[in-house]
Amino acid sequence: MKNSYPKYCVILAAIVFLVFQNQITAQKGGSVNKVFFKNGLVAKEFYLRADQKIDSVKTYHKEGGLNEKFYYDDNNQFHGICEQFTTEGKLKSTWVFVHGNLIRTTHHIKESNLKNKKTVEFNYDNIDKMDMILKANPNDMQAIYSRAASREYLQNNVLAEIDYLILKADLENIKATSVIKDKIQLENFNKTLSEVYSRLGSIYSGWNYANIAVDYKLKAINTDPKEIRFIYNLGSYLVTEEEDFRLGIYFLNEVTKAFPNHNFAHWVLGYSYLELEQYDKAIQNINIAFENEANLYEYGYGTAESDLRTIRGLAYHKSGKTDLGIKDLNEALRINDKNSVANKYMGIVYQDLGESQKACEFFQKARTLGYEKKYYNKELESFIKKTCNASQKAIVETVYTGTKDLPFIAPNPAENMVEVFNYAYSDFNYEIYNAQSQKLRQGISNDKIIQVSGLSAGFYILIINHQGKSETFKLIKK
């Protein structure tokens, strides 16, 4: 089968531009641009030749190991044998390109389970069908979108990204150069464009292009403000991936205003308030989420380690209802005895109760279950040192700042100004960048106040600095 990518050269330039969070290293006369997961492992690499033309791109699994590799010709089009691998390193798929034309596809392994086998098969078949349609009409946007969605589902992310970027360019061009007078037609158009933004945000978040991901997720909201799913997606991403709890809470509260019993939003809100040590609010939100607990399991979130019982268990204990907290945590461990978060929280409970030996056993179990690998930025070492070495008189404890005490900005989203809280200095230098890392503004704060009036509505990065002590914030301008 022959399938061309007519706009590919322009799209590839956009991709390379997006990779601004990179480390550039010499590579046999050229260089390699690297993007990293939060656990420190490489997420994506662009290999450039000496003339700075792209040679190849590689993506990696979060737990390590090569995922995809694609090669390019001098015109920045796919060329040669391109491959994808499973997490175990087995060859999963092969694509053969000749100067941008897809000649042959071979799927060696179709990963599925009893629950998703039909869906997996559908998406493989759908890609083949859309390839046939696009062979006859390369500009069929509906077919490009359908193929992109199937590719994304099957985690063919490099190919899905290209399809979505082609759609984005076409749709934005239509919107900029034509007047759509019919209201229903405009709404449908915006729904399609916002969906493309949202899906690009998901792909970039998977590679830890955090700022680009937030920018696209926000564009999805602004393009189709009525779609609550986009608001939830951004709020949930900010909380669970970026740990920007306060900004995430803003969007999740917008969701619950529209749908007061939205159990997914209340679940993430419960987790947010637990991290901010607002335990009564955590319990309140988790109890609402419990009203339709089965819905969480049906859509795959109920099996997360920070599940409803785990969150409420620690919140109950910290709010003085330790018996209820232990009951919840025991039930969480009965449901999933490999829940490293519940083990850590149980350790905290017994540490607070002065039962060091019990606490130590739970903390050690959390470590054995890989807590520190899965939640690399969460403190466990100091808990182990304090409880498991309780007999030692002198123990050097790790200084740990709680989430609620970390610097933050408010109001956020902002209209005219933001104030910096939990920062030791009143007057400091600041810089404001857009999502593409272009500096737009710099100055000196006035008693922790920074003016943002005049900026267009959208997403920005705010960096403050005083004598080498800097902080970075995600800023959304209304």
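Predicted model: local features only at pLDDT ≥ 70, side-chain atom pairs only at ≥ 80, totals over all residues.
Setting aside neighbours within four places in sequence, N285 is in contact with H266, L269, G270 and Y273.

Next, have a look at S272. Is S272 buried or exposed? S272 is buried, with a relative accessible area of 0%. Not counting residues up to four places away in sequence, S272 touches V239, F245, I249 and L252.

Then there's Q351, in helix α14 (residues 340-352). At 17% relative accessibility, Q351 counts as buried. Leaving out residues up to four places away in sequence, Q351 touches A359, F363, F383, K386 and T387. For a sense of scale, take Q351 and Y423: they are 72 residues apart in sequence, and their C-alpha atoms are 30 Å apart in space.

| Residue | Relative accessibility | Class |
|---|---|---|
| S272 | 0% | buried |
| Q351 | 17% | buried |
| C82 | 0% | buried |
| C360 | 15% | buried |
| C388 | 24% | partly exposed |

On to the cysteines. How many disulfides does a search of the whole structure find? It finds one. That disulfide joins C360 to C388, with an S to S distance of 2.0 Å. The pair links distant parts of the chain: C360 belongs to helix α15 (residues 356-368) and C388 to helix α17 (residues 381-388), 28 residues apart. The torsion about the S-S bond of C360 and C388 is about 110°, so the disulfide is right-handed. The two partners fall into separate accessibility classes: C360 is buried at 15%, whereas C388 is partly exposed at 24%. As for C82, that cysteine is buried at 0% relative accessibility.

Now for the nonpolar interior. In soluble globular proteins, nonpolar side chains tend to be buried together. Here the largest nonpolar core has 104 residues. Which residues have the most contacts inside this core? They are F70, F78, F97, Y164, Y204, F251 and L274. Helix α4 (residues 157-177) provides the largest share of the core, nine residues. A second, separate core has 16 residues, including V420, F428, Y460 and L462.

F251 is worth a stop of its own. Leaving aside its neighbours within four places in sequence, F251 is in contact with L218, I221, I231, L234, G235, L238, P413 and I476.

β8 gives the most, with three residues. Sorted by class, the lining of this cavity has four nonpolar, three polar and two charged residues.

The second largest pocket is another matter, with about 890 Å³ of space. Its lining runs to 34 residues, and E242, E243, D244, T472 and F473 lie nearest its centre. Which element gives the most to the lining of the second largest pocket? That would be α8, with five residues. Helices α6 (210-223) and α8 (245-258), along with strands β9 (408-410), β14 (458-466) and β15 (469-477), each supply at least two residues of this lining. By class, the lining of the pocket has 18 nonpolar, eight polar and eight charged residues.

Definitions and conventions:
Residues numbered from 1 in each chain as written. Heavy atoms only, no water. Disulfide = S-S within 2.5 Å. Helix = DSSP H or I, 4+ residues; strand = E, 2+ residues; numbered from the N terminus. Buried < 20%, exposed > 50% of the residue type's maximum accessible area, 1.4 Å probe, protein only. Nonpolar A, V, L, I, M, F, W, Y, C, P; charged D, E, K, R; others polar. Core = buried A, V, L, I, M, F, W, Y, C linked by side-chain atoms within 4.5 Å. Contact = heavy atoms within 4.5 Å. 1 Å grid on protein atoms, 1.4 Å probe; cavity = no way out; pocket = protein on both sides within 12 Å on 5 of 7 lines; lining within 4 Å. Points joined across faces, edges and corners; volume = space filled by probe spheres on them.
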